[in-house]
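Reader: I would like to learn how to read the features of a model like this one. Please give the general idea each time, then the case at hand.

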Amino acid sequence: MPPLPLFLSLFILVYLTAYFVLFRSWNPVARPEASSCAISILHGTPATVLAALALLSDPSPSPSLASPNSPAQSLVLDYSIAYFTTDLLHYLAFSPTDLLFILHHAATLFVFLTCRFGARHGARAVLSLLVLAEVTSACQNAWTLARLRRADSGVARKVLDVLSWPFYAFYSVVRGVAGPLFVVEMGRFYASGKAEGLIPAWMWVSWILVVVTAIFVSVLWIANLWVELYRERKGKLEHKVE
C-alpha cells in the first residue's frame, strides 16, 4: 500500500477513536477539538524528529534548498499531507466558519503537495519550515487540552497556569525569531536563481507568501495570548491586594 493512503487511514482512525472512545464523555464543544489535538500529537513531535532525520541523512552530494527530494523526505511529506488533510476535514465538519484555520490548512497542503508531486525538489526548505512549525506542537497540544478542561478540572487549571508563559515564550522565539530568519534565508536563496530549472518561480514565491502569512498570523495569535495572560495575572494580583 502506498504510504500516503496508509498514513491518511491512520490519522482518520486515530481521530475517530479519540472522538468516539477517548473523549466520548467531554462536552460537545471540546470533544472535536480534543480529537484534533489527538492527531496533532501523533503528527507534531514524530514529524519534527523524522523531518530532522531526513534532513540530516540527505544523500545529495551538496544539499541545498533546491535539492531533489530524497525518499525519506518524501515519506515525511506524505505523513504531513495525511495529517493536514484529516485536520482540514475536521474543521470543515465541525468548524466550517473558522476560515482562518481552513485557509491555513489548505495553503499548507498546497505547499506540501506542490513540493512532493510538483517540483519534486525543495523538500529541504519545506521540511526545515515543518520542524520550526511543529517543534512547539507538544507544548501547544498540552496547553490546548488543559485550556479545554479548565472549567471542569482543577488539575487542568493548574497545568494551564504553569504551562502558559513557558509555552508562549517558546512559541514566540520560534515563530517570531527563528521562523522569519529562515524565511529570509530561503528568499535570498531562491531569488539568487539557484533553483532555476528545478523549482518554478511561481511555486517558490507562493511558498514564501504562504509562510510569511502563516508567521504573521501566528505572531498576532501569540501576541493576543500574551495580552490575555497579562490581564489575567494582573487581575489575580489586584484581587489578592483587595
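Author: Start with helices and strands: they are DSSP runs, numbered from the N terminus, where a helix is H or I with at least four residues and a strand is E with at least two. Here, Ile-12 is found in helix H1, residues 3-22. The place of Val-21 is also in helix H1. This is a predicted model, in which local features need pLDDT of at least 70 and side-chain atom pairs count only at pLDDT 80 or more, while totals for chains, interfaces and linings use all residues. Residues are numbered from 1 along each chain as its sequence is written, and side-chain values use heavy atoms, with hydrogens and water left out.

Reader: Which residues make the nonpolar surface patch?

Author: A patch is made of residues with over 30% relative accessible area and no salt bridge; like charges are joined within 9 Å, and nonpolar side chains (Val, Leu, Ile, Met, Phe, Trp, Tyr) within 5 Å. Accessible areas come from the Shrake-Rupley method with a 1.4 Å probe, and for residues only the protein chains shown count as cover. In this model Ile-12, Leu-16, Phe-20 and Val-21 make a nonpolar surface patch of about 350 Å².

Reader: Is Ile-12 buried, partly exposed or exposed?

Author: The classes are: buried under 20% relative accessible area, exposed over 50%, and partly exposed in between (1.4 Å probe, protein chains only). Ile-12 has 33% relative accessibility, so it counts as partly exposed. Val-21 is at 46% and therefore also partly exposed. As for distance, the C-alpha atoms of Val-21 and Ser-64 are separated by 45 Å, the two residues being 43 apart along the chain.

Reader: How many salt bridges does a search of the whole structure find?

Author: Side chains of opposite charge can pair when their charged atoms come close. The criterion is a side-chain nitrogen of Lys or Arg within 4 Å of a carboxyl oxygen of Asp or Glu. The search finds four salt bridges. One of them joins Arg-124 and Asp-58, with the closest N and O atoms 3.3 Å apart. This pair links distant parts of the chain, 66 residues apart: Arg-124 is in helix H5 (residues 123-134), and Asp-58 is in the loop between helix H2 (30-56) and helix H3 (71-94). Arg-124 is partly exposed because its relative accessibility is 22%, whereas Asp-58 is buried at 10%.

Reader: Where in the chain are the partners Arg-116 and Asp-78?

Author: Arg-116 forms a salt bridge with Asp-78, and the closest N and O atoms are 3.0 Å apart. Arg-116 lies in helix H4 (residues 99-119) and Asp-78 in helix H3, 38 residues apart, so the pair links distant parts of the chain. Arg-116 is buried, with a relative accessible area of 15%, and Asp-78 is buried with 2%.

Reader: What is the partner of Arg-147 in its salt bridge?

Author: The partner is Glu-228, with 3.2 Å between the closest N and O atoms. Arg-147 belongs to helix H6 (residues 137-149) and Glu-228 to helix H8 (residues 201-241), distant parts of the chain 81 residues apart. Arg-147 is partly exposed, with a relative accessible area of 25%; Glu-228 is partly exposed at 28%.

Reader: How many aromatic pairs does a search of the whole structure find?

Author: Rings of Phe, Tyr and Trp (its six-membered ring) pair if their centres lie within 6.5 Å; planes under 30 degrees apart count as stacked, over 60 as edge-to-face and the rest as tilted. The search finds 21 aromatic pairs. Among them, Phe-84 and Phe-112 have ring centres 5.7 Å apart and planes at 45°, so this pair is tilted. Phe-84 is in helix H3 and Phe-112 in helix H4, 28 residues apart. Both Phe-84 and Phe-112 are buried. Tyr-168 and Trp-226 form an edge-to-face pair, 5.4 Å centre to centre with 75° between the planes. Tyr-168 is in helix H7 (residues 154-191) and Trp-226 in helix H8, 58 residues apart. Tyr-168 is buried, with a relative accessible area of 2%, while Trp-226 is partly exposed, with 33%.

Reader: Which residues do ring pairs link into a cluster?

Author: The cluster consists of Phe-7, Phe-11, Tyr-79, Tyr-83, Phe-84 and Phe-112.

Reader: Which ring does the charged end of Arg-31 sit over?

Author: A charge sits over a ring if NZ of Lys or CZ of Arg is within 6 Å of the ring centre and within 35 degrees of the ring normal. The charged end of Arg-31 sits over the ring of Tyr-19, 4.0 Å from its centre. The charged end of Arg-149 sits over the ring of Trp-26, 4.6 Å from its centre.
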